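Hello,

Here is the structure we talked about handing over. Please open it first, then read my notes below.

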Amino acid sequence: MRGGDSHIAPMDAALANPPYAVSERIEPLVRRVLAHNPSHFTYTGTQTYIVGAGDEVAVIDPGPDEPEHIEALLAAIGDAKVSAICCTHTHRDHSPAAIPLAARTGAPIIGCAPLALDDNGPRADAAFDISYRPDRILADGESVRGPDWTLTAVATPGHTSNHLCLALEESGALFTGDHVMGWSTSVVAPPDGDMAAYMASLQKLYDRHDRVYYPAHGPAVEKPRQLVRGMIGHRRQRENQIVRLLGEGVGRIEDMVARMYAGVDKALHPAAGRSVLAHLLDLERRGRVSRSGDIWSINP
Ligand SMILES: [Zn+2]
């Protein structure tokens, strides 16, 4: 994992010229188009994938509703029929372009369930896209097909409760959305983000044997199981750190974050705080910690 001990990696200055609005073929059945929405949470931006080498394609994570990005997608699609616009989840950097793209191509929106959440509490990353209306929801294990591709849903709740990865059966690639990324650990922010679900979804990927991961942000992951194993270990380490701090009488989330993320840009501390809260809620559910107001403590 890049970024050392930091939970959320800072922007990598080396990536000065990302390939915005360009279609790159990354394997015979898969092309990638990067949207121009870089940030601390999206790295260089959202990567939309176009699956299929023939005259029928699927689009995965159409991205933000930005005209430059939508035109780049339409140029890459050309005369092909879009059989499905698939969304891994409904954060605003992933799904809003589904509606304009469906309007321009006539394609159905197929994928994760819709999710409308009240925005209670500070959001750690992107807000939810409440405009998202799928034509068909893919349950775990269900597939959508084209002439030379099959995409199968792998339900991976945690980052959001509606998160899906999509497996390309013909090539062994897995589109991981925001569940697993190579450049940073994923933000798990309650109330919708759930650490226990996230850990179970990491284990679910570890138990699969995908060849490569294509995340929505950052480079392809060529050694997926190694990365996932590292992420499971990283989260366990974070949990141990929290338990240790509670044992030392540090019971307030801000104080834990100040110690755990001492080397990380302060602008990212609120997001780190949501992640610590996600761990604490998981520990609370397991009966290991309690809270009184905003002070957390270990159960005797
Ligand atoms: Zn997201």
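Arg 32 sits in strand S2 (residues 30-34). Note that this is a predicted model. Arg 32 counts as buried, because its relative accessibility is 14% and the cut-off is under 20%.

Next, the salt bridges. There are 14 in the structure. Glu 27 and Arg 211 form one of them, at 2.8 Å from N to O. This pair joins distant parts of the chain, 184 residues apart: Glu 27 is in strand S1 (residues 23-27), Arg 211 in the loop between H3 and S12. Glu 27 is buried at 11%. Arg 211 is partly exposed at 44%.

Arg 104 pairs with Glu 71, with the closest N and O atoms 3.1 Å apart. That links helix H2 (residues 98-105) to helix H1 (residues 67-77). Lys 204 meets Asp 140 at 3.2 Å, N to O. Lys 204 belongs to helix H3, and Asp 140 to the loop between strand S7 (136-137) and S8. A network of salt bridges links Glu 239, Asp 282, Arg 286 and Arg 288.

Last, the sheet. It is open, with 5 strands in the order S8-S9-S10-S11-S12 and mixed pairing. S8 (143-145) and S12 (212-215) are the edge strands. The twist averages 25° from one strand to the next. Helix H3 (residues 195-206) lies across S9, S10, S11 and S12, at about 140° to S9.

Best wishes

Note on methods:
Residues numbered from 1 in each chain as written. Predicted model: local features only at pLDDT ≥ 70, side-chain atom pairs only at ≥ 80, totals over all residues. Heavy atoms only, no water. Pairing = 2+ DSSP bridges. Helix = DSSP H or I, 4+ residues; strand = E, 2+ residues; numbered from the N terminus. Axes fitted to C-alpha atoms, helices over the stretch in contact; angles between N-to-C directions. Contact = heavy atoms within 4.5 Å. Buried < 20%, exposed > 50% of the residue type's maximum accessible area, 1.4 Å probe, protein only. Salt bridge = Lys/Arg side-chain N within 4 Å of Asp/Glu carboxyl O.
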